[in-house]
Amino acid sequence: MRYLQEQCELIYKEEIAKGVFSFTLKAPQIAGKASCGQFVNILCDPFELRRPISIGGFDAASGILRLVFEIRGKGTDWLAARNEGDMLDMIGPLGHGFPLLDESKKAVMIGGGIGTPPLLPLCRHYGANATLISGFRNASAVILEEDAKAFGAKTVVCTDDGSYGFAGFTTQALEAELANGTFDVVYTCGPKVMMRKVAELAAKYGILCYVSMEERMACGVGACLGCACKTKEADGSTAMKRVCLNGPVFEASEVDLT
């Protein structure tokens, strides 16, 4: 079986920004098999379809899983109302995660808003060799900066209104980092327009780049074909691949980000 179904206890809940929640769960089976960039699919009663949530942290030894999500609709609103001690029915870990280089390599991660959580486990892997660039609307929306710092990562926070950190786009901050440093790999998750520019910058500097695609999902296991994205084939043709099964992580050159 590629994935597991597990009843997981919510042991810690925190609203880390308005409408953004961090859940810590006892999930020994899923945490024991998780890797950076994968996700889980959560049953949100009374809704028939599960909700996909990126894995924001995991520890196989302790069996702990961390999820960070934003309220986006009725399902995540229901999820945000759960309390410590509640049990959640989860399927996971799902999808193909981020390929990891040796931890001695230098990595830069670019997250747009709620696309930042799946990049946090990469900060843990690369430690002081990681640079996390994250972008938010304003200072009150900033999340996970201190978490990344706790792993030793350098952090660059960008805000649209300039109320905190760098005033401007994450891609502007990325270009400055690439111009002044040497990196071995780029990882990104967030709005497609941002990831397209990130991929262009990585190609400009000749750096390997991985993108984590975000598409609406139903089954989460490759059966319904609802989350397909356009990919580029070696012969120049295009194909549709399932984000939940073939992704969510792809090498940037594989996907059509237009």
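R82 sits in the loop between α2 (74–80) and β6 (87–94). The model is predicted.

- R82 is buried but forms no salt bridge. The nearest side chain of opposite charge belongs to D86, at 4.4 Å, and a salt bridge requires a side-chain nitrogen of Lys or Arg within 4 Å of a carboxyl oxygen of Asp or Glu.
- A polar atom of the R82 side chain lies 2.9 Å from the backbone oxygen of W78.
- Leaving aside residues up to four places away in sequence, R82 touches L10, K13, F23 and L88.

**Salt bridges**

- Side chains of opposite charge can pair when their charged atoms come close.
- The count of salt bridges comes to 8.
- One of them joins D89 and R50, with the closest N and O atoms 2.9 Å apart. This pair links distant parts of the chain: D89 is in strand β6 and R50 is in the loop between β3 (39–42) and β4 (51–59), 39 residues apart. Both D89 and R50 are buried.
- R66 and D147 form a salt bridge in which the closest N and O atoms are 2.8 Å apart. Here too distant parts of the chain are linked, since R66 belongs to strand β5 (residues 64–70) and D147 to helix α4 (residues 145–150), 81 residues apart. R66 counts as buried because its relative accessibility is 18%, and the cut-off for buried is under 20%. D147 has a relative accessible area of 27%, so D147 is partly exposed.
- K154 pairs with E177 in a salt bridge whose closest N and O atoms are 2.9 Å apart. K154 lies in strand β9 (residues 154–159) and E177 in helix α5, and the pair links distant parts of the chain, 23 residues apart. K154 is partly exposed at a relative accessible area of 43%, whereas E177 is buried at 15%.
- E145, E146 and K149 are linked in a network of salt bridges.

**Helix α5**

- Besides E177, the buried residues of α5 are T170, T171, A173, L174 and L178.

**Helix α6**

- Helix α6 (residues 192–204) has 13 residues, which at 1.5 Å a residue should span 18 Å. The C-alpha atoms at its ends are 18 Å apart, in agreement with that value.
- M194, M195, V198, A199, L201 and A202 are buried in α6. Their arc around the axis is only 165°, which means that they are on the same side of α6.
- On the other side of α6, the exposed residues are V193, A203 and K204.
- The buried residues of α6 pack against β7 (107–112), α5 (170–180), β11 (185–189) and β12 (208–212).
- Just after α6 comes G206, with a positive phi of about 70°.

Notes: Residues numbered from 1 in each chain as written. Predicted model: local features only at pLDDT ≥ 70, side-chain atom pairs only at ≥ 80, totals over all residues. Heavy atoms only, no water. Helix = DSSP H or I, 4+ residues; strand = E, 2+ residues; numbered from the N terminus. Expected span 1.5 Å × (residues − 1). Buried < 20%, exposed > 50% of the residue type's maximum accessible area, 1.4 Å probe, protein only. Arc of directions from axis to C-beta. Contact = heavy atoms within 4.5 Å. Lys, Arg positive; Asp, Glu negative; His and termini not counted. Polar contact = N/O pair within 3.5 Å; in protein donor to acceptor, adjacent residues only side chain to side chain.
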